Amino acid sequence: MSEQEEHIKGFLNSSTYDQLSANQQKHAQNILTRFNKYMTEEHQLDDTAWTPQAVQQVMVGQFIADPALTNSFGIAVAPVLKAYQKFLGNKQLGAIENAIDEQRPVMNKCRKAHQTLAELNGEPQKAAASDPKNHEAPQKDQPAKEPASEELKQPTAPVKLIPAGKMKQEITRIKKEVTTAPEFKEKELSIADQQYLVAEFLQLMYQECHQGINQWRFADLQLVLGMMMPLDPNITKLEILNIVPTAQALFDYLKRTDQIDMDQYRVALKSIAHMQTSQNMLASMERRQRTTQLMLSYIQSQGVDTDNVNKTEKWMDAHQSQVATFMRSILSPWGEYERQQLHKRQQTTRQPVPVEKDRQLLRKKRVPQGIKFSKKRRKKRKK
């Protein structure tokens, strides 16, 4: 048993653990096993050396990327992590607690995004990851279970962003190289359309997710490629169908030219592995329908049967803020377009509806004439 497993076992038998709620205790072992694994793999830190920055990065990385993780799991993460660090006596406890509280809303947004994409792609959720029976904390005096194996490492590149001007130069450079790189040859899209998608992807990852090349995280790759880009007001249906092939060509090119490392390459490929099905569906719709479909997929990912209209409306009424937050996140890059559309709708509503007049009323009418009698008629009357 490793030192970290010994720490988890000690925590599960401590008075600190006893102060947790029933839900938190139920998920504690799974949370700590997963978190310690990714903290070690991504930051080479054991559980007594966590830093606030490293904690925030792990919270929104592969740790929370499994679509099968339930809402109750997400609710339990923050209190369990804080209690565990308190138990271990971390010298930066106050800063770590603040970092956890600050990152918790972002973490839950990432978890829900994974569920939404899984629902869109029709992927079966792995029951083992979310079923509490498989991860219940052991009773006292029982050994902790061995940690389950996980899929991929997140990129270990530094998180410091390059300046916006430098990123603009990088995007311009890569766009030029798209014209000659073999990875982009003989594709369904023209080179100009592939350049458009490549530039938009790189810009959105930088602008919306604050990640440069070789810093991309699984959740954000799926958010940008699977939800933000299909809602671009200027994107064509053919371009939506080719988001995945173009992204793969970009990842292959960046790996071949050593601009991303192997860990980043694997995470990038995994993010698009099952995305084409949802892109095909979104490409068959108009933009407003795409927005509605993404919202419905999000609601389905929360366990709601959207075929039942009454249940869906009831759930939406009870979770208006939650739905609004999700929709703002995927529409964020297109805010100006949305404002323009809203303005147009408001202008249309304010303008009075013209009343169409009867064409017969508009017809030029003759001036009424007095009655005329024929000459014969007038002569007879004189007699």
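Author: A residue counts as buried under 20% relative accessible area, as exposed over 50% and as partly exposed in between, with a 1.4 Å probe and protein chains only. The model is predicted, with local features needing pLDDT of at least 70 and side-chain atom pairs pLDDT of 80 or more, while totals for chains, interfaces and linings use all residues. Residues are numbered from 1 along each chain as its sequence is written, and side-chain values use heavy atoms, without hydrogens or water.

Reader: What makes α11 largely enclosed by the rest of the structure?
Author: Helices (H or I, at least four residues) and strands (E, at least two) are DSSP runs numbered from the N terminus, and in the helix α11, 11 of the 11 residues are buried, which is why α11 is described as largely enclosed by the rest of the structure. The buried residues of α11 are Phe 218, Ala 219, Asp 220, Leu 221, Gln 222, Leu 223, Val 224, Leu 225, Gly 226, Met 227 and Met 228. The protein has 21 helices and zero strands, and buried residues make up 46% of its 383 residues.

Reader: How do you know that α4 is largely enclosed as well?
Author: Seven of the eight residues of α4 are buried, and therefore α4 too is largely enclosed by the rest of the structure. In α4 the buried residues are Pro 52, Ala 54, Val 55, Gln 56, Gln 57, Val 58 and Met 59.

Reader: Which residues of α11 and α18 meet?
Author: With contact taken as heavy atoms within 4.5 Å, Leu 223, Met 227 and Met 228 in α11 meet Phe 326, Ser 329 and Ile 330 in α18. Among contacts in the protein between residues at least 6 apart in sequence, 76% join residues at least 24 apart.

Reader: Why is the pair of Phe 35 and Trp 50 called tilted?
Author: Rings of Phe, Tyr and Trp (its six-membered ring) pair if their centres lie within 6.5 Å, and planes under 30 degrees apart count as stacked, over 60 as edge-to-face and the rest as tilted. By this rule the count comes to 12 aromatic pairs. In one of them the ring centres of Phe 35 and Trp 50 are 4.9 Å apart and the planes stand at 50°, so the pair is tilted. The pair links distant parts of the chain, with Phe 35 in helix α3 (residues 22-43) and Trp 50 in the loop between α3 and α4 (52-59), 15 residues apart. Phe 35 is buried at a relative accessible area of 0%, and Trp 50 also counts as buried at 0%. Phe 35 and Trp 50 belong to one aromatic cluster, whose members include Phe 11, Tyr 17, Phe 63 and Phe 73.

Reader: What makes the pair of Trp 216 and Phe 251 tilted?
Author: The rings of Trp 216 and Phe 251 have centres 5.8 Å apart and planes at 50°, so this pair is tilted. Trp 216 lies in the loop between α10 (191-207) and α11 (218-228), and Phe 251 lies in helix α13 (residues 243-256), so that the partners are 35 residues apart and the pair links distant parts of the chain. Trp 216 is buried with a relative accessible area of 1%, and Phe 251 is buried with 0%.

Reader: Is Gln 293 buried or exposed?
Author: Gln 293, which lies in helix α16 (residues 287-301), has a relative accessible area of 18% and is therefore buried. The C-alpha atoms of Gln 293 and Met 281, 12 residues apart along the chain, are separated by 9.3 Å. Gln 29, found in helix α3, counts as buried at 6% relative accessibility.

Reader: How do you know whether Glu 186 is buried or exposed?
Author: Glu 186, in the loop between α9 (164-178) and α10, has a relative accessible area of 85% and is therefore exposed. His 210, in the loop between α10 and α11, is exposed with 52%. Most residues other than glycine have a negative phi. Phi of Glu 186, however, is near 55°, a positive value, and phi of His 210 is likewise near 55°.
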